[in-house]
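Student: I am new to this structure. Please take me through it step by step.

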Amino acid sequence: MFDFDATLPMMALQFVLLAIILNAIFYKPLNKVLDERADYIRQQETGGQQQLAQAKELAAQYEQQLADARKQSQEIVAQAQAEAKKIATEAVAEAQKEAIAKKEAAAQEIEQQRQEALKTLEQQVEALSRQILEKLLGPELVK
């Protein structure tokens, strides 16, 4: 069925020679390129993970700074509101003092004018009383 002549060893030798040539020319460079690409991918993945970790760390720092800034701004706003309340309270108190002082001054002026009016009225009443007495009794008897 099989002929075991020089063809079979020649075919085996050709196959081994072809495998050696293909290994040297094609498979080793291809494996080298595939290994380099796998290394490059691993490096990029590691670098990406490191950059992602750095980005997360920076984001956390910025969020902390933002929270601190918000807290400080809220404190500033609270201080400004307290100061505004204080100023408003002082302004109201000053206005009340001025109003009370003006009211007292007006009351004193009114009292002074009333006293003057009473004096003038008393003088007029005296003059009218004399005139009435003079007319009733005569001018000689009134003095």
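Tutor: One definition comes first: a residue counts as buried under 20% relative accessible area, as exposed over 50%, and as partly exposed in between. Keep in mind that this is a predicted model.

Student: By that scale, is Arg114 buried, partly exposed or exposed?

Tutor: The relative accessible area of Arg114 is 42%. Buried needs a value under 20% and exposed a value over 50%. Arg114 therefore counts as partly exposed.

Student: Which residue does Arg114 meet in a salt bridge?

Tutor: The bridge joins two side chains, with N to O at 3.0 Å; the cut-off is 4 Å. Both residues lie in helix 1, and because they are 3 residues apart, about one helical turn separates them.

Student: How many salt bridges does the count come to?

Tutor: Arg42 has a relative accessible area of 48% and Asp39 one of 37%, so each is partly exposed. The count of salt bridges comes to 2.

Student: How many helices and how many strands does the protein chain have?

Tutor: Helix 1 takes in residues 7–137. The chain has 0 strands, and its helices number 2.

Student: Why is the protein chain described as more spread out than a compact globule?

Tutor: For 143 residues, the globule rule gives 15 Å. The C-alpha trace spans about 190 × 25 × 25 Å along its principal axes.

Student: What share of the residues of the protein chain count as buried?

Tutor: To count as buried, a residue must have under 20% relative accessible area. The chain as a whole exposes about 13600 Å², and carbon and sulfur atoms supply 60% of that area. Of the 143 residues, the buried share is 1%.

Student: What is the area of the nonpolar surface patch that includes Ile25?

Tutor: Ile25 is in helix 1 and has 62% relative accessibility, so it counts as exposed. The patch is made by Leu17, Leu18, Ile21, Leu22, Ile25, Phe26, Tyr27, Leu30 and Leu34. Its area is about 840 Å².

Student: How is the pair of rings of Phe26 and Tyr27 classed: stacked, tilted or edge-to-face?

Tutor: A search of the whole structure finds 1 aromatic pair. The ring centres of Phe26 and Tyr27 are 5.4 Å apart, and the planes stand at 65°, so the pair is edge-to-face.

Student: Are Phe26 and Tyr27 buried, partly exposed or exposed?

Tutor: Phe26 has 45% relative accessibility, and Tyr27 has a relative accessible area of 41%. Exposed would need over 50%, and buried under 20%. Both residues therefore count as partly exposed.

Student: What distance separates the C-alpha atoms of Ala95 and Ile25?

Tutor: Ala95 is placed in helix 1, and Ile25 is in helix 1 as well. Ala95 has 41% relative accessibility, so it counts as partly exposed. Along the chain, Ala95 and Ile25 are 70 residues apart, and their C-alpha atoms are separated by 102 Å.

How values were computed
Residues numbered from 1 in each chain as written. Predicted model: local features only at pLDDT ≥ 70, side-chain atom pairs only at ≥ 80, totals over all residues. Heavy atoms only, no water. Patch = residues over 30% accessible without salt bridge, like charges linked within 9 Å, V, L, I, M, F, W, Y side chains within 5 Å. Areas by Shrake-Rupley, 256 points an atom, 1.4 Å probe, with all protein chains shown as cover. Helix = DSSP H or I, 4+ residues; strand = E, 2+ residues; numbered from the N terminus. Buried < 20%, exposed > 50% of the residue type's maximum accessible area, 1.4 Å probe, protein only. Phe/Tyr/Trp six-rings, centres within 6.5 Å; stacked < 30°, edge-to-face > 60°. Rg over C-alpha atoms; globule rule 2.2 N^0.38 Å.
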